[in-house]
Amino acid sequence: MNSSSIEGCKVSRENTLWVVTELYYPELTSTGYYLTTIAESLAVDRKVKVLAGQPTYSARGQHAPNHELRNGVEIIRAWGTTLDKNVLPFRLLNMVTLAISIFIKALFQFRLRDQVLVVTNPQSLPVTTALAALLRGANYSLLVHDSYPEILIAVGALKPESLIVTTINLIKRWV
């Protein structure tokens, strides 16, 4: 059986590597660009699938196929609202609907010993993805792009001793 090491975890080449992200091709803004490049490069040697949302940033308004194969990567897009991310209540609604939708899809897609790579944007994605991976017996790794609540503290949106910061830190340690 062929195997390789990802994040120090021995993974069979027969197991799927899942990339879970809000942003993926055709969304090629920062995270979308990097994860598209990483997934397509890894697909040369192993089975790679992506769970992502519809474009909400630079390609917002463009409808990507709900299921497609691109450069060796199977892309499965979850439903979520695609409202204007610059309006805070809309951004929060986008975050919640996408996280719930990805969680449900992950429960049906992840398999025992699959490897899951999840990013920190949106902030709810690591929590729901970790829970789905644990329930399905998959291994998961977190790729940190944004660090919460530190960002919120740095910009003065929250105080370090607040209940929200304490709660976020507890959840973050669990993930």
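Modeller: To begin with a definition, buried means under 20% relative accessible area, exposed means over 50%, and partly exposed lies in between, with a 1.4 Å probe and protein chains only. Please keep in mind that this is a predicted model, in which local features need pLDDT of at least 70 and side-chain atom pairs count only at pLDDT 80 or more, while totals for chains, interfaces and linings use all residues. Residues are numbered from 1 along each chain as its sequence is written, and side-chain values use heavy atoms, with hydrogens and water left out.

Biologist: What percentage of the residues in the protein is buried?

Modeller: The protein has 175 residues. With the cut-off of under 20% relative accessible area, the buried share of these residues is 44%.

Biologist: What is the mean pLDDT of the protein?

Modeller: pLDDT is the predictor's confidence in each residue, on a scale from 0 to 100. Over residues 1-12 it stays under 50, whereas 88% of the residues of the protein reach 70 or more. The mean pLDDT of the protein is 84.

Biologist: Which pattern does the protein follow along the sequence?

Modeller: Helices (H or I, at least four residues) and strands (E, at least two) are taken as DSSP runs and numbered from the N terminus. There are five helices and eight strands in the protein, and read along the sequence they give β-β-β-α-β-β-β-α-β-α-β-α-α.

Biologist: How many residues of the lining of the largest cavity are charged?

Modeller: A cavity is, on a 1 Å grid over the protein atoms alone, a set of points where a 1.4 Å probe fits but cannot get out, and lining residues have an atom within 4 Å of a point. The search of the whole structure finds one cavity of 30 Å³ or more, and the largest cavity has a volume of about 70 Å³, where grid points are joined across faces, edges and corners and the volume is the space filled by probe spheres set on the points. Its lining includes Glu22, Gln54, Trp79 and Asn94; Ala, Val, Leu, Ile, Met, Phe, Trp, Tyr, Cys and Pro count as nonpolar, Asp, Glu, Lys and Arg as charged, and the others, Gly among them, as polar. The lining divides into three nonpolar residues, seven polar and, as to charged residues, one.

Biologist: Is Tyr140 buried, partly exposed or exposed?

Modeller: Tyr140 is found in strand β8, which covers residues 139-143. Leaving aside neighbours within four places in sequence, Tyr140 is in contact (heavy atoms within 4.5 Å) with residues including Gln115, Leu134 and Trp174. Because its relative accessible area is 23%, Tyr140 counts as partly exposed.

Biologist: How far apart are the C-alpha atoms of Gln109 and Thr16?

Modeller: Gln109 belongs to helix α2, residues 88-109, and, not counting residues up to four places away in sequence, touches Trp18, Lys49, Ile76 and Asp114. Along the chain Gln109 and Thr16 are 93 residues apart, but their C-alpha atoms are separated by 9.9 Å.

Biologist: Which residue does a cis peptide bond join to Pro26?

Modeller: Pro26 sits in the loop between β3 (17-20) and α1 (31-42), and Ser30, with a positive phi near 35°, is a residue other than glycine found in the loop between β3 and α1. The cis peptide bond has an omega of about 10°, and the residue that it joins to Pro26 is Tyr25.

Terms used:
On a 1 Å grid over the protein atoms alone, a cavity is a set of points where a 1.4 Å probe fits but cannot get out, and a pocket is an open set with protein on both sides within 12 Å along at least five of seven lines; lining residues have an atom within 4 Å of a point.
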